Amino acid sequence: MEKCFGKIRTRYPFCSFLPISCVIWFIIFYSQHSELTFPTQSSMLNHPSLNDQCVGRYIYVHDLPHRFNSDMLRDCHILSAWTDMCRFISNAGLGPRLNGADGVFSNTGWYATNQFSLEVIFHNRMKQYECLTTDSSRASAIFVPYYVGLDLARYLWGYNISMRDSTSLDLVRWLKSRPEWAPMGGKDHFLVAGRITWDFRRLTDEETNWGSKFLLLPETKNMTVLVIESSPWHSNDFGIPYPTYFHPSNYYEVVSWQNKMRGMNRPWLFSFAGAPRPNQMASIRGRIIDQCLTSAHCKLLECDFGASKCHSPSSVMNLFQNSVFCLQPQGDSYTRRSIFDAMVAGCVPVFFHPGSAYVQYTWHLPKDYTKYSVFISEDEVREGKVRIEEVLQRYSDEEVRAMREEVISMIPRLIYKDPRYKIESEKDAFDVAVEGVIERVSKVREGVSPAFTEEDSWKYALLGRGGKHEWDDFFSQPR
């Protein structure tokens, strides 16, 4: 009998975990139903769906007409009225190489990356994605490689709204003509818009109004749009990290940099790189600068117009590497690129508004913001109720070390790897974003997405639910 059981367990390994009475039942049942066949261990292991590591991860990429992407790169000299973007789209969108001569950077992996180059970087990373498919019916999501931010930048100054909207309207017409659009009406489509959301949310057709209306089109409201700053009151855009200067091409570069940041001597308790906003009555930047200037423990890097050190990657990163805390108040909008530059430098960010990070980058940052950052309400700073230095001095050395370690451990998921290489290592910002898109599309496809008013979309992104929240006052008035 035991020999018989042994043969059964050999053919059906899962029987090893069943009680003997269950095995006897199996033999009797099988003998009475000889017409049934059961899968062997070999057939189960060789089943295509079991061996396919890309099931549930496939991405289909639209082959767009060149006017929507590569033609813009060919005509790079007209992409910006203020910046020579030709040098910044080099090296697959990473920009010119930075050398490590002054000790601020490593010898490899560092580039003078423009903050508006993300569309090019993301597209090139997608070309290396391991689960691409040419069969859209197998795809979990469909990528649209339209450089909408670069397109808009050409026409932001000195052009009418027809020019600003023209190419994006052409894109929508093209997408709707494609068979891939029909099954979900575009709800499985996604793209990257490498600027802040407000550049694509022009509310009226007045010629003096800013930006385009791309994100307000009925078709794009169905899509998932990844931006470097999202709207707390809309559900079709999602924040992903600004590109930093660090784009490693192998796992060693990441680990080596993390170890270097752990060993940095940081003489400044806190620092700020930025300029005041005298024309913005609600801005606290002036107060922050005043507090920094009167403190022996703060380092200020003033960012005035013209040839400023704030335009020097080594000056900015050197400041952050030598600081324990880095102040990140709002600028012209909620977010700043320096949030991510500072964290890549191992500096603990100090936020003054939850819209600067906590409700923005919910796919990339921990839900528990106290693990990696400090929050000081901008209202208390504005009203003179708090001294930033005193707040930061309350943290013990042990608490600071824990927050810094959390920040340093997050570095891989905050950066975009060099898109010219395939790196088998921890997920980067691209990988995390793609996973977020696929999960969102899956919920839409299965009909399990929660119903909520768009004004509360920031709560669902952060908490998965609505209701009252301690930050309601911060988001009571649309920006």
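Q: In what order do the 5 strands of the open sheet lie, and how are they paired?
A: This is a predicted model, in which local features need pLDDT of at least 70 and side-chain atom pairs count only at pLDDT 80 or more, while totals for chains, interfaces and linings use all residues. Residues are numbered from 1 along each chain as its sequence is written, and side-chain values use heavy atoms, with hydrogens and water left out. The order is β8-β7-β9-β10-β11, with parallel pairing, where strands are DSSP runs of E of at least two residues and helices runs of H or I of at least four, numbered from the N terminus.

Q: What makes β8 and β11 edge strands?
A: β8 (298-302) and β11 (374-375) each pair on one side only.

Q: Why are the buried residues of α11 said to line one face of the helix?
A: Buried means under 20% relative accessible area (1.4 Å probe, protein chains only), and in α11 this applies to E253, V254, W257, Q258 and M261. Seen down the axis of α11, the buried residues fall within an arc of 130 degrees, taken from the directions from the axis to the C-beta atoms, and therefore line one face.

Q: Which helices do the buried residues of α11 pack against?
A: They pack against α13 (313-321), α14 (338-344) and α17 (397-414), where contact means heavy atoms within 4.5 Å.

Technical notes: Buried < 20%, exposed > 50% of the residue type's maximum accessible area, 1.4 Å probe, protein only. Pairing = 2+ DSSP bridges.
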